[in-house]
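Subject: Structure for your review

Dear colleague,

Please find below the sequence and structure that I am handing over to you. A short account of the findings comes after it.

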Amino acid sequence: MTAQIPSSAFPEEQFAENLPQRHRTARWMAAVFQISTVFGIIVLLTLLYNIINSSFGLVAWQYRVPPESLAGMPLEELPKEELMRILQENVSANVLRRLEREKPLEARSQEELYALVMERVVQPKIVKTWSLVDSIFRRGEIMQEVARDYPDAYLRFRSWLNARFLTSPQSSRPELAGVRTAILGSLWTVLITILFAFPLGVGAAVYLEEYASDNWLNRIIQTNINNLAGVPSIIYGMLGLAIFVRAMEPITSGIWFGAAEPATANGRTVLSAGLTLGLLVLPLIIINAQEAIRAVPNSLRQASYGLGATKWQTIWHHVLPNALPGILTGTILSISRAIGETAPLVVVGASTFITVDPTGPFSKFTTLPIQIYQWTSRPQDEFRNLAAAASIVLMVLLLSLNASAVLLRQRARRRIRG
Amino acid sequence: MTNGSPGSELSAGQTISTALPQLYKRPRIREAIIQAILFLCGVLSILITAGIVYELGKESLRFFTRELWESTNKPLAAAVDASTTTLEVGPAGTSLRPGDIIRLQDEILRVEAVEGNLLRVTRGVKGSTPAPHPAGTEIFRADRVSLAEFFTGTQWIPQIGKFGILPLVNATLMTSVIAMLVALPIGLAIAIYLSEYASERARSILKPIMEVLAGVPTVVYGYFALTFMTPLLRSIFGRDVVEVYNTASAGIVIGILVLPLVSSMSEDALNAVPRSLREAAYALGATKLETALKVVVPAALSGIAAAFIVAISRAIGETMIVAIAAGAGPNLTFNPFQPAETMTGHIVRISGGDLSYDSIDYNSIFAIGLVLFFMTLLLNIISQRIVRRFREVYE
C-alpha cells in the first residue's frame, strides 16, 4: 500500500463549501461601504436642497394701502407727477416736510419716488411664506389658503437672495433686511486676522523648520502648536473676551488712538474679533506653512549656501519663494475657516443688531455667520428664509475661496514637476 | 592710458589686499535679530496656551472663591445698634455655626459663638462698617461653590446659586455619543471604500465632495439641524415624543460634521499600509473584504483610533449646532428627544447677552471653559500618544 496524503490536510470540500458564503459576505459588505459613501453625498445634497428650498418661494404680501386704490395702472408705470400727488395726499405734512428737506420731491427721479410711495404709502408686509418645493407642487392649495386666510393679500414669487438683499443693511423688517453690514463686518474682521496671523504664522513656521534645533524648548513649541490646533474655537473666544475685549480695552476700543469717544467705546470691536480669530487660525497657518517649507528640496538650500549666501538670504530668496504657493494654500484654507467661525465671535461680543457699516478697526460689527445664527434663532418663518439666503452667500464665498486654494495647489504642483 | 587691461580700473584708488581672508565667523547682527524675531513668533504659541490656562484659571478661581449670599430664612428678632455684639434670632434657633460669615444689609459679620438663639458676632468684618439694623432684617450666610458641588451637583440654576456642572456635561456627552454613533461606522466605511474599493475616477469625484462637506460652516449645519433634521425626527417618532429642540438632532448633525474628518484621517491611515500586506493576503486566498477588514484595518488601527479620538474632541467642542438645535436651559436628562443645554451651548448663550464682567455668570462660563479645555486637551494628547506609540512602521 502506498502512503496517501490524508484528505484532511487540505479540507478542499469544506473550503469549497465555505467559499460562496465568503463571497456573499464580501459582496454584501462592499455594498455597505458603497452605501455609506453615497450617504455622504446624499447629506450634502440634502443640505443644499434644504437651504435652496427656503431661499426661494411664494410669499403672501399684504398692503396697508392697496396700490390699485391709488391709481388706475401699476405704480411702476406712473409718471413722476402722479407719484408726487399720491405722496402729498397720503403722507402726513410732517413727514413730507422732512422728505423735502432731505431732497426736494421735484428733484427726485421716478424710481426714487416709486420707492418712497412703496415705503411710505403702500407699506407691503409679508404675512406668510412658503418653501420652493411647496410653491411649485402645491400652488393651487396655497392660492386657496391665501384666498381663505388673507383675503386682501397678494401672492408673489420671491427670491430671498437678490441684489437688494446683498446691498441692504440689517433691518428688523424681514422684507427690507439685507447682509451688507454683515459682509463688510466679515471682510474687516478677516483683513485684521490675515494681517495679524499670516506674518506671525509664517515666522513661526520658518523658525521651527529652518532654525530650531532638536531641544526640549523647540519640542514643547511643536507639541504645543499641535495641541492648540485641537482646542475648541469657543475657548479662543473666551481668551479673546478676557484679553482683547477686557484687558486691552483702551487699545482695542480705539481710545488710545483717539479714534473713539471714551464714554461710549468698549472693546467689542472689529479689532478684538480679528485678533481673536487670528489666534484661532495661527496654529493652522503654522502647521500648513511648516509642511510647505519642509517640501522645499534641500538641494536648493545647499546650492544657495554653496554660493556664499547667509542663512536668512537662503530662506528669503530661495526657500520662501518656493514654499509660497503651499503657504498661501494653507493660509486661504485657514482664512475660510475664520470666515465661517461663529462661536468665538459671539463670545467676543459681536453686535447682533447693527445697521451701520463698519468703517474701521474700532467699529462695532457683525459678521455673516452671526447674522445667520441670529436669524435662525428667531421663530418667524421670514427670518428662516433670510438665514437660508445668507447661508448661500456665505457658502458661495467659502467655496470660491477653497476653489482658489485648490487651483493654487495644482498650479504649484505642476510648476515643481515641470 | 597705460594699458587696456581690465585690472587697471581696479587699481585706480584701491589696493588689493594680499593678506589672508579672515577665517573666523563675523558676527552678523541682522541675521541674529531676524532669528530672534522668528523665535519670538514660535514662542507666541506657548504664550497663547499660557494665556488660555491663566485666564480660564483666574476666572475659575474667582468663581470658586466668590461669596454667594444665601438666605437663612431667619430674620433678626430684635433691633441692634452699631456696637452690639449679640444678635437675637428667632426662637427656633439657627443653623449657623461659629466661624460662619453672615451679612445684614450691607454689613458683613463673623459668627464667634452660638448660644441657643443668641449669636455672638464680630461686627463689621471684611472692610464693611457696623450699622444699626431693625428687627426683621434678613440674615444671609456666605456660601461658596465648592469643587465637590461643582462636579457632582445635578442642577445648574445660577439664579438660586446652584452650580452643578453634571447637566451640562451630560448633554455634551449625549450629543457627542450620538455624533460618534453616526460618524464612526459611516466614516470608517467611507474610508475603506475610498482606499480599498474605489476606482481612481470615483475617488477623484468623491474626495472633493467630502472636502466640500468639511468646508460647510458650522452655523449652516446648525440651521440644517433645526430646519431639516428636527422636523425629520419629529415626523418619524411623532411630534409629542420629539421636542422642537433636542439633543438627538444636534448629535446626528455633529456626526455629519465630523464625518469628513473621520473618513479622511482614516483613509490616510489605510493608505499608509504597504501594498505588500494586501498582496500577501490575496495570495493566501483572502477575499477583498477579508483583506480589508482582517489585514489592512488592523495594520492601520493606530491611525484610525487617533482619527476617532480627534473626532470625539471635535464633537465635544462643537458649539453652534448645539446652540441652535439642542435647546437653551440646562437639563439633566438621558432622553435624546428632550432639550438639554451643553457646556458650549451654555457658554454661547450666557456670553451672547449683555454680560457684566463682575458677575458670577461671567466667572462661571470660564469654569465651564476650563473643564472643556482640559477634556479636549486630554483627548488630543491621547490621540497623539496613540499615533506615536502604536504606529506600525513599515520598511
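Predicted model: local features only at pLDDT ≥ 70, side-chain atom pairs only at ≥ 80, totals over all residues.

Overall form. Chain B contains 13 helices and eight strands. Its radius of gyration is 33 Å, whereas a compact globule of 395 residues would have a value near 21 Å. The C-alpha trace of chain B spans about 115 × 80 × 40 Å along its principal axes. Of the 395 residues in chain B, 41% are buried. Where contacts in chain B join residues at least 6 apart in sequence, 70% of them link residues at least 24 apart.

The sheet. Six strands of chain B form an open sheet with antiparallel pairing, in the order β1-β6-β3-β4-β5-β2. The edges are taken by β1 (68-75) and β2 (86-88) of chain B; each has a single partner strand, so one side of each is left without a neighbour in the sheet. From one strand to the next, the twist averages 45 degrees.

The interface. Contacts between the chains involve 69 residues of chain B and 69 residues of chain A. On the chain B side, helix α2 (residues 29-65) supplies the largest share, 19 residues. By class, that side of chain B comprises 44 nonpolar, 20 polar and five charged residues.

With kind regards

Methods:
Residues numbered from 1 in each chain as written. Chains lettered and ligands numbered in written order. Contact = placed C-beta atoms within 7 Å. Helix = DSSP H or I, 4+ residues; strand = E, 2+ residues; numbered from the N terminus. Nonpolar A, V, L, I, M, F, W, Y, C, P; charged D, E, K, R; others polar. Pairing = 2+ DSSP bridges. Axes fitted to C-alpha atoms, helices over the stretch in contact; angles between N-to-C directions. Rg over C-alpha atoms; globule rule 2.2 N^0.38 Å. Buried ≥ 20, exposed ≤ 12 C-beta atoms within 10 Å, placed from the backbone.
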